[in-house]
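Open the model in a viewer and keep the selection tool at hand. The stops below go from one selection to the next.

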Amino acid sequence: MTALNPEDCKATRATVVVLYAETRGFTRMSEILEPDVVLARIDEFFKMVSAAVTRHDGVVRSLLNDNAIATFVGAKEAENAMAAAQDIQREFGTLEEAWLRDYGFHTAVAIGLHAGDVVVGCTNGHELIIGDGLSIAERLLHGARAGEIVLSKPIMDALNGAGAALEAEELDALNLSKREPIPLYGVQLDTGLDFTD
C-alpha cells in the first residue's frame, strides 16, 4: 500500500464486511522459485483480487505476504462481498492451472467473510485497519479449506434477507472466550449465489 498524508486520513470506527483472502501452497513456491518470478506470480493474484473487490464496490485495505484484506460498506455490503469472494474463488482457477503447468505447484485460494466493527485510520503515514471484525475474519480464513469461502452468521443472515439462494454447508461454530459461539457456513467452489426467484 502507498504512504498517505496523515491529514488525508481520519480515524473512524465502522461496521463493515471484511473479506480476507489468501493463497494456499504459494509459500512453497516462494521458497523455490526465483525472487522476480515469485513477485510476478503474487502480483497476478493481487491484481485479480483487487479487480474483483473494485468491481463489487469494495476497498482493498491491505496486501501482505500472500494475503489480501478488503472491506465493503453500504446497503448491499454482504451481497457485494460474497459476489467478490465468489469471483476470486472462480477466477483463481486460471492462476492455479498456470502455476501447476509452469511450475508444478498445486495452489488454491481460501477466503473468510465476516461483518463486524473495525477502526480504520493511519499510523506512520500508512493506512491501518484493526478490530474485532478483522480478527474474526482472519480466524475464518485460517479455518477454511482450500478452495472454500467461510462466512459467519451475520453474512448468511444478510444474504438470506436479500433473497439470495446460497448452497452453504453448516460448519462447526467459532468458539471465542466470553461470548456466544458464532455459527459458520462453508461455500465450496462452483456453488452459485442466485438472487432469482
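Is D157 buried, partly exposed or exposed? With a relative accessible area of 39%, D157 is partly exposed. Keep in mind throughout that this is a predicted model.

**Stop 1: helix α5**

Now select I155, M156 and L159, the buried residues of α5, which spans residues 153–161. Looking down the helix axis, you will find them within an arc of 95 degrees, so they line one face of α5. What do these buried residues pack against? Their partners are β1 (12–24), α3 (77–103), β4 (108–123), β6 (148–152), β7 (165–166) and β9 (182–188). After the helix comes G163, with a positive phi near 85 degrees.

**Stop 2**

In soluble globular proteins, nonpolar side chains tend to be buried together. Here the largest nonpolar core has 42 residues, and L19, F45, I111, L113 and L151 have the most contacts inside it. Helix α3 gives the most to this core, with ten residues. A second, separate core holds 19 residues, including V16, I69, V150 and I182.

Center on I111. Beyond its neighbours within four places in sequence, I111 is in contact with several residues, among them L19, A85, I88, L141 and V150.

**Stop 3**

Select E77, in helix α3. E77 is buried but has no salt bridge, and R61, the nearest side chain of opposite charge, is 10 Å away. Setting aside neighbours within four places in sequence, the contacts of E77 are T15, V16, V17 and F72.

**Stop 4: a hairpin**

Show β4 and β5 (residues 126–130), which pair in the antiparallel sense over five bridges. V119 has I130 in β5 as its bridge partner. Two residues lie between the strands of this hairpin, and N124 in the turn has a positive phi of about 55 degrees.

**Stop 5: A173 and P183**

A173 sits in strand β8 (residues 169–174). It counts as partly exposed because its relative accessibility is 35%. P183 is ten residues away along the chain, yet the two C-alpha atoms are 4.4 Å apart. Apart from neighbours within four places in sequence, A173 is in contact with P181, I182, P183 and L184.

**Stop 6: other salt bridges**

How many salt bridges does the structure hold? There are 13. Select K47 and D43, whose closest N and O atoms are 3.1 Å apart in a salt bridge. Both lie in helix α2 (residues 35–55), four residues apart, about one turn of the helix. K47 counts as exposed at 55% relative accessibility, whereas D43 is partly exposed at 34%.

Next, select D132 and R179, whose side chains form a salt bridge of 3.1 Å, N to O. This pair links distant parts of the chain, 47 residues apart: D132 is in helix α4 (residues 132–143) and R179 is in the loop between β8 and β9. D132 is partly exposed at 36% relative accessibility, and R179 is partly exposed at 40%.

Finish with R55, D87, R90 and E91, which a network of salt bridges links together.

Notes. Residues numbered from 1 in each chain as written. Predicted model: local features only at pLDDT ≥ 70, side-chain atom pairs only at ≥ 80, totals over all residues. Heavy atoms only, no water. Buried < 20%, exposed > 50% of the residue type's maximum accessible area, 1.4 Å probe, protein only. Arc of directions from axis to C-beta. Contact = heavy atoms within 4.5 Å. Core = buried A, V, L, I, M, F, W, Y, C linked by side-chain atoms within 4.5 Å. Pairing = 2+ DSSP bridges. Lys, Arg positive; Asp, Glu negative; His and termini not counted. Salt bridge = Lys/Arg side-chain N within 4 Å of Asp/Glu carboxyl O.
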